[in-house]
Amino acid sequence: MVEILTDNWAFLLSGVATTVGLTIVGFLGSLIVGTIAAIFRVSPVVPLRLVGSAYVEFFRNIPLLSLLVLVTFGLPDIGVLLPLFWCGAVSLILSGSAFVCETVRSGINTISIGQSEASRALGMSFTQQLALVILPQAFRTMVQPLANVFIGVLIGSSLVAAVGVSDITNVTQQLNIRYAEAVFLFLLSGAVYLILGLGVGGAGSAVERRLGRSRIAGGKAVSR
Amino acid sequence: MLESQTTAPLVQLRGVTKYFGDFRALDHVDLDIAKGEKVALLGASGSGKSTLCRCINRIEKATEGTIMIEGRPLPQEGKALAAMRAEVGMVFQSFNLFPHYTVLENIALSPIHVRKVPKAEATAQARDLLARVGLADKADSYPAELSGGQQQRVAIARALAMQPHVLLFDEPTSALDPEMIKEVLDVMTELAESGMTMLVVTHEMGFARHACDRVCFMDAGRIVEQGTPEGFFTRPQTDRAKDFLSKILDH
């Protein structure tokens, strides 16, 4: 079994690299799109709120696999031809951003209304309120939920194997066809996900501890 | 038009009515505040005095009626409303300092981002204001490290940093321990003496009596009585005001 590793290490590493790349692109994209969707959802403009809600409800409630198939085989039908990697990334972003949106929105909702009243009374625009006052405080409460979304994107990325993206799952499937060592190979890909996920969870806890120690968090505890 | 701007009251309310669902919090309120005037807004809890105060800078939207600031009607939304709010300072019962910024940053934040004052200038001005409220040594502290009275003094400095034409105080001492009320009232008295136009919603009868030019007494969403502090406290006209004063002055 060891020779499966030694003979195919470059292939396996390319699979790991694809998984890591997909996860990072998928998560960062989700973060950006999801934050924009959340701003839509808390905006004072009703049509924007409706667009935000519709986006979240749509992409949160369809399976990632369906999205992947839609993006990979549906988009070419309307003339959009993306490289396979980006079909996976776009699907992960569409699905992940819906969850980021709800995380950011609930983070915003934990900030007392007095903070937004005070910033409005000082003449700040809606964007300034969010950027200077609300989001920096909301972020503290969002670290752990965002780490969960990251892990969700990581684990969800294994589905791209189904549409032919050569991520670690796809690579181990191909090796399984050649060597018929299903248990060993899926344990191997499982270990990759486990290690990456534990790393992200640990990083999330570390960020949270640092924020918890700062005087910022103390401010919240006392001023409420 | 020019003439109306120079002679019009700084704040003018006509027929201001506010509903929360079916509850009528304000009932056709008329109120004029002249430049430099200090008006105390008194009344029992639920009489609508905080709501009235919050309608003036549209933190609360009046259901009906007109509100004019310096002769111009209050804008409905957007940039014009934000610009008007910058001219109308507000101090809240719960301070509402920004916990993730230092005291100095709290004060300089809006001048820098809303007024586009250069950072060095805004910071220098913030230090002056901190000294004025007696907290020069707290510039680099975070709000959580200050007492309630100190936080409220910072909040007053923060409102002053925008160089507002009128300051609204919404029960500024109601969340404070008794021993901290005086330090905040001292700052407010100093402000009143400096000529700032002020509307103060308060339960501090001493402040209303000695620092204000006029007292408005509210009941059930209306201003039912107004006059000089001396007249109101010694010879209240309405039964409602007599009842209110007898309840609070007995103790």
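This is a predicted model: local features need pLDDT of at least 70, side-chain atom pairs count only at pLDDT 80 or more; totals for chains, interfaces and linings use all residues.
**Chain A**

Chain A is built from helices. It has nine helices and zero strands. From the N terminus on, its elements run α-α-α-α-α-α-α-α-α. Along its principal axes, the C-alpha trace of chain A spans about 70 × 45 × 20 Å. Chain A has 224 residues, and 42% of them count as buried. Take the contacts in chain A with a separation of 6 or more: residues 24 or more positions apart account for 75% of them. Chain A also holds a network of salt bridges, which links Arg41(A), Glu57(A), Arg60(A), Glu102(A) and Arg105(A).

**Where the chains meet**

At the interface, 21 residues of chain A are in contact with 28 residues of chain B. The area buried between the two chains is about 2200 Å². Carbon and sulfur atoms give 60% of that area. The rule finds six residue pairs in polar contact across the interface, both residues at pLDDT 80 or more.

Which elements of chain A give two or more residues to the side that touches chain B? They are α5 (113–121), α6 (126–156) and α9 (215–223) of chain A. Helix α5(A) gives the most, with seven residues. The residues on this side of chain A divide into nine nonpolar, eight polar and four charged.

The rule also finds one salt bridge across the interface. Arg54(B) forms this bridge with Glu117(A). Their closest N and O atoms are 2.7 Å apart.

**A buried strand in chain B**

Now look at strand β8 of chain B, residues 197–201. Five of its five residues are buried, so the strand is largely enclosed by the rest of the structure. Thr197(B), Leu199(B) and Val201(B) point one way from β8(B). Met198(B) and Val200(B) point the other way.

Strand β8(B) pairs with β3(B), residues 38–43, through four bridges, and the two run parallel. Here Leu41(B) has Val201(B) as its bridge partner. Strand β7(B), residues 166–170, is joined to β8(B) by five bridges, and these two also run parallel. In this pairing Val166(B) stands opposite Thr197(B).

Cys216(B) is found in strand β9 of chain B, residues 214–219. Is this residue buried or exposed? Cys216(B) counts as buried because its relative accessibility is 0%. Leaving aside neighbours within four places in sequence, its contacts include Val39(B), Ala40(B), Leu41(B) and Leu42(B). Ile223(B), Glu225(B) and Gln226(B) are also among them. The C-alpha atoms of Cys216(B) and Phe232(B) are separated by 8.8 Å, and the two residues are 16 apart along the chain.

Side chains of opposite charge can pair when their charged atoms come close. The structure holds 20 salt bridges over all chains.

| Salt bridge | N to O distance |
|---|---|
| Arg72(B) and Glu70(B) | 3.7 Å |
| Asp219(B) and Arg240(B) | 3.0 Å |
| Asp243(B) and Arg240(B) | 3.2 Å |

The pair Asp219(B) and Arg240(B) links distant parts of the chain, 21 residues apart. Asp219(B) lies in strand β9 and Arg240(B) in helix α10 (residues 239–249) of chain B. Asp243(B) and Arg240(B) are separated by about one helical turn, because they are three residues apart in helix α10 of chain B.

How accessible are these residues? Asp219(B) is partly exposed, at 21% relative accessible area. Arg240(B) is partly exposed at 29%, and Asp243(B) at 30%. Arg72(B) also counts as partly exposed, at 42%.

Terms used. Residues are numbered from 1 along each chain as its sequence is written. Chains are lettered from A and ligands numbered from 1 in the order in which they are written. Side-chain values use heavy atoms; hydrogens and water are left out. Contact means heavy atoms within 4.5 Å. Buried area is the accessible area (1.4 Å probe) that two parts lose on being put together, summed over both. A salt bridge is a side-chain nitrogen of Lys or Arg within 4 Å of a carboxyl oxygen of Asp or Glu. A polar contact is a pair of N or O atoms within 3.5 Å; within protein, one must be able to donate a hydrogen and the other to accept it, and residues adjacent in sequence count only if both atoms are side-chain atoms. Ala, Val, Leu, Ile, Met, Phe, Trp, Tyr, Cys and Pro count as nonpolar, Asp, Glu, Lys and Arg as charged, and the others, Gly among them, as polar. Buried means under 20% relative accessible area, exposed over 50%, partly exposed in between (1.4 Å probe, protein chains only). Two strands pair if DSSP finds at least two bridges between them.
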